Amino acid sequence: MNTMFRNTLLLMLALVGPAFAGKAITVKGSDTMVILGQRWAERYMNANPGQVIMVTGGGSGTGIAALINGTTDICQSSRTMKQDEKLKLRDRFQTMGVEIPVAKDGLSVYVNQANGVKQLTMDQVRDIYLGVVTNWNQVGGKDAAIILYGRENSSGTYGFFKEHVLGGGDFSPRVQTLPGTAAVVNAVSKDPNGIGYGGAAYAKGVRDLGIKPNAKSAAILPTAATVHDGSYPLSRELYFYLRMKPAGDMKKFVDWVLSAEGQKLAVEVGYYPIH
């Protein structure tokens, strides 16, 4: 099945719904994970003719909402489910859901390749996104206003950054919110004074900043080693959420994702294995 025909088939199945698809598995959620989910689905479908897996993005919050309202089988999320979300799932389906870590990611802080700043402390990143630091010369760069790019509030990456970098504080109103990490990377790649954040796998045409946990520590880049051992301060797990323990075709797909082959593909795409 060539790519154009398969994509057309998936679109038709998405339009007519799961009842027509039969064995179709729907996967929805994190934009950070959407490329990874699509690659997993493509590889798995190629090896299992007749199995259809439909993967869409929209953000972790959108995927979790779809899980709660029953319109997706699997939610991809770059953050953990909140307690109130689990309670909504329980109220509708009498289950608190099943959480399955499926890969690891280093949330990168990106700058334009022409930017002379190579590293920032966690406090500096926080102050930049809170709007306390507004000029690159305040963190060792040239005299130029810092242009902020970020994610929409339905994004799990937004939530992770807000919690782990801003300490729950509010983003500066100067942040330009964009729909997806790819859009953030694209904006920063074209803006010499831009800064953005997102999954390490998307860092094409931009440069990752080294992040210092504190002023006295060494700067750490997101690599397989630093994400695996947790020394990179913005390491995180990526999740599948399901309503119930997977069974049948869904269990076969999840087991394959967690297998050596599935985890190897995660590395090929630019993420890090869970094991």
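**Figure 1. Aromatic pairs in the predicted model.** The structure holds 12 aromatic pairs. In one of them, the ring centres of Trp40 and Phe240 are 5.8 Å apart and the ring planes stand at 80 degrees, so this pair is edge-to-face. Trp40 belongs to helix H3 and Phe240 to strand E11 (residues 235–242), so the pair ties together parts that are 200 residues apart in sequence. Trp40 has a relative accessible area of 0% and is buried; Phe240, at 1%, also counts as buried.

**Figure 2. The pair of Tyr129 and Phe171.** The centres of these two rings lie 6.1 Å apart with the planes at 90 degrees, so the pair is edge-to-face. Tyr129 sits in helix H6 (residues 122–130), while Phe171 is in the loop between helix H7 (156–164) and strand E7 (176–178), so parts that are 42 residues apart in sequence are tied together. Tyr129 is buried at 0% relative accessibility, and Phe171 is buried at 15%.

**Figure 3. An aromatic cluster that includes Trp40 and Phe240.**

**Figure 4. Arginines over aromatic rings.** Arg236 lies over the face of Phe160, 5.6 Å from the ring centre. Arg243 is placed over the face of Phe93, at 5.0 Å from the ring centre.

**Figure 5. The surroundings of Gln51.** Gln51 is located in the loop between helix H3 (34–47) and strand E2 (53–56). Its relative accessibility is 7%, so Gln51 counts as buried. Apart from neighbours within four places in sequence, Gln51 contacts Lys23, Ala24, Ile25, Tyr44, Met45 and Asp249.

Methods
Residues are numbered from 1 along each chain as its sequence is written. This is a predicted model: local features need pLDDT of at least 70, side-chain atom pairs count only at pLDDT 80 or more; totals for chains, interfaces and linings use all residues. Side-chain values use heavy atoms; hydrogens and water are left out. Helices (H or I, at least four residues) and strands (E, at least two) are DSSP runs, numbered from the N terminus. Buried means under 20% relative accessible area, exposed over 50%, partly exposed in between (1.4 Å probe, protein chains only). Contact means heavy atoms within 4.5 Å. Rings of Phe, Tyr and Trp (its six-membered ring) pair if their centres lie within 6.5 Å; planes under 30 degrees apart count as stacked, over 60 as edge-to-face and the rest as tilted. A charge sits over a ring if NZ of Lys or CZ of Arg is within 6 Å of the ring centre and within 35 degrees of the ring normal.
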